[in-house]
Structure formats: C-alpha cells, structure tokens
Amino acid sequence: MPFIMPALLFAGLILTTPAQADSTLLNKYDCTSCHRLTNDEPKESFKAPDLFYAGNKFQKSWLEKFLQNPVIIRKAGTITDPGFLRGTPTLARPHPSLPPEEALEMTEFLMSLSLPELATDQVDDTPLSKGKKSKIKILFERNYGCIACHEGINLAGQPRGGISGPSLANAGNRLTAGWVYNWLKTPENFLARGRMPAYKFDDATAAHLTKYIMSLKIGDWN
C-alpha cells in the first residue's frame, strides 16, 4: 500500500468546500459550530468529528439515515470536551434531525467531501472465514485491547465494551473498509493528537482487523 504523508493528504486536496456548496443547510443547522468541514480550521475548539473526509469515511445509505434519525456514537463525547475523561460530556448537544429531503441534500454534500489521494482499495471483499474471524476477534478484544475503548458486539448481538472511543458495534453499516484500514494504519493522519494508539500494523493485520470491524453490524443500521 502506498504510504501517504499527512501533508499530502490534507494540504489543499479537498474537492469541495462549504464556500463551493450551497450553504443554506449548513447555516440552518449551524453545522460548522461543531464540525470542521475543511482542514484549515483550528481543531481544538470543535465539538464533533471532522467531516472534511466524510466521503471517504461513511457509507452513503447510513449517513442519510443518520441525518434523519441520529444516534449517539461517542457516548463519552469528544476529546475536546472538558467532561470527556469523566464520561460526562458537557459540550455535546442533540444532533438535529433533518427531514428526508434535506437529509438527502446534506448527504450528497457531505459525501463530496473527500481526500482524493487517499487509497481505499487495500481490503478485498472476501469475508473472514469463521475460524479466522475467531482469531481476529481475539486480536481485537485481547491482544490490542480495542474493546477497552470501543464497543464491539457480544455473543448475543448486543453492544459490549468501552465508550471513550466511538462505538464500533455498527461499524459495518456505518464506515467504509478503505477508511477503517487507513485509520488503523495511520490514525495520526486523521487526528494528530487523538487517543488512538499508533500500533504500526503490518498490511495483513490491518486488513484482517478491518474485515473484522466491518463484520460488526446490528440489525439494519442502528
């Protein structure tokens, strides 16, 4: 996999900016008070995840449904929240629910925000075998302790795990395999001062963990 330096990823490679898009909905829902839609804005004061690579990160169908019926993905809030480590977020506010027509319009806009140089074809579509999935589950939960910060799914199909990181209980319906792979390989490219350890996974391990994470689904999508 070609390694893409952060400077190349984030320096001037955004296809679409708020200034280029219809800003009506962005202003109506005050999106930019919580989310960064370009990498030019200082990140310390923002309350919600960056969206300037939403088109790389999210599945379109999930995003459209989320905008109509938001669910909490980061139960402890974001790392910029003073109450983050206490598990009592203070900055977060309920995400607005958009009517279907506006949700579609907003989805189309957000999916246009992408990092065009980000390679997204490193993980093939072949699912893990049952035996391989069991081994990777051990890596995910025990060896790397991902479950300490992220929710996975227990044997009953219900969320299980920590809440300091975003829930992965429905990652297979929410995220793209390409983005998960890139995040696992180089989380610092997306969040320079985040809490995600830089494990320096080799390509095969990152691909296997990506397939395992993408297998985590609850029902239709929520």
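Select Thr 210 and look for its side chain, which reaches the backbone oxygen of Ala 206 at 2.7 Å. This is a polar contact (a pair of N or O atoms within 3.5 Å; within protein, one must be able to donate a hydrogen and the other to accept it, and residues adjacent in sequence count only if both atoms are side-chain atoms). Before you go on, note that this is a predicted model, where local features need pLDDT of at least 70, side-chain atom pairs count only at pLDDT 80 or more, and totals for chains, interfaces and linings use all residues. Residues are numbered from 1 along each chain as its sequence is written, and side-chain values use heavy atoms, with hydrogens and water left out.

Thr 210 sits in helix H9; helices here are DSSP runs of H or I with at least four residues, numbered from the N terminus. Is Thr 210 buried or exposed? With a relative accessible area of 0%, Thr 210 is buried (under 20% relative accessible area, while exposed is over 50% and partly exposed is in between, using a 1.4 Å probe and protein chains only). Leaving out residues up to four places away in sequence, Thr 210 touches Val 123, Ala 177, Val 180, Tyr 181 and Leu 184; contact means heavy atoms within 4.5 Å.

Next, select Met 106, Leu 110 and Phe 140. Of the 49 residues in the largest nonpolar core, these three touch the most other members. Such a core is a set of buried Ala, Val, Leu, Ile, Met, Phe, Trp, Tyr and Cys residues joined through side-chain atoms within 4.5 Å. Which helix gives the largest share of this core? H9 does, with six residues.

Now turn to the rings. The structure holds twelve aromatic pairs, counted when the ring centres of Phe, Tyr and Trp (its six-membered ring) lie within 6.5 Å; planes under 30 degrees apart are stacked, over 60 edge-to-face and the rest tilted. Select Tyr 53 and Trp 179: their centres are 6.4 Å apart and their planes at 20 degrees, so this pair is stacked. Tyr 53 and Trp 179 lie 126 residues apart in the chain, and both are buried.

For the last stop, select Phe 140 and Tyr 212. This pair is tilted, with 5.2 Å from centre to centre and 50 degrees between the planes. Phe 140 belongs to helix H6 and Tyr 212 to helix H9, 72 residues apart. Phe 140 is buried at 1% relative accessible area, and Tyr 212 is buried at 3%.

Key:
Helices (H or I, at least four residues) and strands (E, at least two) are DSSP runs, numbered from the N terminus.
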